[in-house]
Number of protein chains: 2
Amino acid sequence: MNNILAVGSLAFDTISTPSGKADKVLGGSLNYFSLSASFFTGLQLVGVVGEDFPADHLEFLRSRGIDTKGVSTAPGKTFHWTGEYGKDLNEAITLSTQLNVFEHFNPQLPEAYRDAQYVFLGNIAPELQLSVLDQVRKPKLIAMDSMNFWISGKRDELVKVLPRIDLLTINEGEAKLLAGESNVVVAAEKILTMGPKALVVKRGEYGAFLFSGGEIFSAPAVPIRRVIDPTGAGDTFAGGLVGYLASVGAGLEKDALRKAVLAGSVMASFTVEDFSFRRLQRLEKQEIEMRQKYLLDTIKV
Amino acid sequence: MNNILAVGSLAFDTISTPSGKADKVLGGSLNYFSLSASFFTGLQLVGVVGEDFPADHLEFLRSRGIDTKGVSTAPGKTFHWTGEYGKDLNEAITLSTQLNVFEHFNPQLPEAYRDAQYVFLGNIAPELQLSVLDQVRKPKLIAMDSMNFWISGKRDELVKVLPRIDLLTINEGEAKLLAGESNVVVAAEKILTMGPKALVVKRGEYGAFLFSGGEIFSAPAVPIRRVIDPTGAGDTFAGGLVGYLASVGAGLEKDALRKAVLAGSVMASFTVEDFSFRRLQRLEKQEIEMRQKYLLDTIKV
């Protein structure tokens, strides 16, 4: 088993979707990523929470084999995101972002974390992602997520991270924004010249593209009858993706990478079925296996 | 070889896309469908054109093994559609529809057409689709296309056609409109209770869903670097789909149907690479085979 060192946000979310509202529920990229990946492998988390963060949630993460020694508590409040989704559940509208303790986050890796073989840089400021990379020794695989906020606002810093990573996972709109191209294939090819060895473009309910080794893999999404809340789907996807790779000790080998993308699709399909990561909290390993089988059948010819 | 009896429109199109403009070029569902299907099997066309329709185009169709005896010429002008696409190439905006001779179209099948084993009811008024069904004897497979114009405007008539067909192909927005459901899976399941035995939901650049035998097949689209004009992609898709089924003499068997959907994806990917059906006109059988192989590799795990 190869632990994943993961950095990202631990947050409160207030979310409205056509299915209802969730007020100040637990969220943040690191929560979704680590809960998802914990079905495949162990994790070491680096993050920051405020004094209002529930201690029993960190306890819950530990009960899932997740090491939280790298999660510090800072004076003040936890990061709080408020957003809503219209009928188009593929895109969130941010209503407010209260960074709170996240504003002065400076990730410090416990010594035991520095030999991590798998590193996931969640969606945080690119200079913090770089700082994490400066603290790790010789990882086998570095994966990274980002978002339009950093692509537009901290482009120069972001572009410095790209040559240092193996695998970038962003969504389709972000890929087009990063490349300045309106065609997703052209955008992907351009991004691959900027540093990452492989790229996963997440397309929400339409699945994902994997660009690697000069080839394209078109991964389907699991067809879902009722999407309650898409928040965290992308991070959950990344958790399945990197979690699978770590569980089999793989790098960017074609076969493993394609299976990993499908694992990402499967995990994301659970998250959207309820608010927050409630569905992941009650998820059974057996349900994952059943849905993996089902997803494979949807592309069988 | 099983000929397909196909009915639909033969038209002029005036189209603007971000890539340019095409003025009064040849189009119409029957042109796209039949050119696409002609790579797989023979066809018998039923349609109407005006006195301004170029005779050499009908000659060209015949040179591709397409029987045009059922295409009549009526006094007046040919159907003329004007539309444009914005940056979102997945949806056309209709600027004008001049029905012209199409307004009084009354499909009459030559006697030799009435024993057709495969029937494709292109996107025309549902009462005309019914009239064609009343004239055929005992087809093995009936496929049908439609659009929001008929779903909204002639719903009662459309609903009468559905129990008489085997396979419905419509796009995602049309499926949601027909079912009155915002989730595509729920919409598809509802449509299947309205009559058709199988349903293909076309999703543009995101591929297509096949709902059949209680199972879902998630077909990818061919990743395309530059989309010039999406007009006719859906009809071209249907041409590959029904053309493939006719070429192997299949009905709704799972294996054949899934391959047929992929054939539809492959054919549609060519059409969008140029205005009108120019790409289909210069297409070589070998290019189809190469792209089929390529598409299969994009879903290989």
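How many salt bridges are there between chain A and chain B? I looked this up and found 8 salt bridges, a salt bridge being a side-chain nitrogen of Lys or Arg within 4 Å of a carboxyl oxygen of Asp or Glu.

I noted that this is a predicted model, where local features need pLDDT of at least 70, side-chain atom pairs count only at pLDDT 80 or more, and totals for chains, interfaces and linings use all residues. Residues are numbered from 1 along each chain as its sequence is written, chains are lettered from A in the order in which they are written, and side-chain values use heavy atoms, without hydrogens and water.

Entry on the interface. I picked out A:E205, which forms a salt bridge with B:R203, the closest N and O atoms lying 3.3 Å apart. The contact (heavy atoms within 4.5 Å) draws 30 residues from chain A and 30 residues from chain B.

Entry on area. I read that the two chains bury about 2,600 Å² between them, 53% of it on carbon and sulfur atoms; buried area is the accessible area (1.4 Å probe) that two parts lose on being put together, summed over both. In chain A, the residues losing the most area to chain B are A:Y206, A:R225 and A:V301, together 25% of what that side buries.

Entry on chain B. I turned to helices α8 (residues 233–248) and α9 (residues 254–271) of chain B, whose axes come within 7 Å and cross at roughly 145 degrees. Helices are DSSP runs (H or I, at least four residues), numbered from the N terminus. Axes are lines fitted to C-alpha atoms over the stretch in contact, with angles from 0 to 180 degrees between N-to-C directions.

Technical notes: Helix = DSSP H or I, 4+ residues; strand = E, 2+ residues; numbered from the N terminus.
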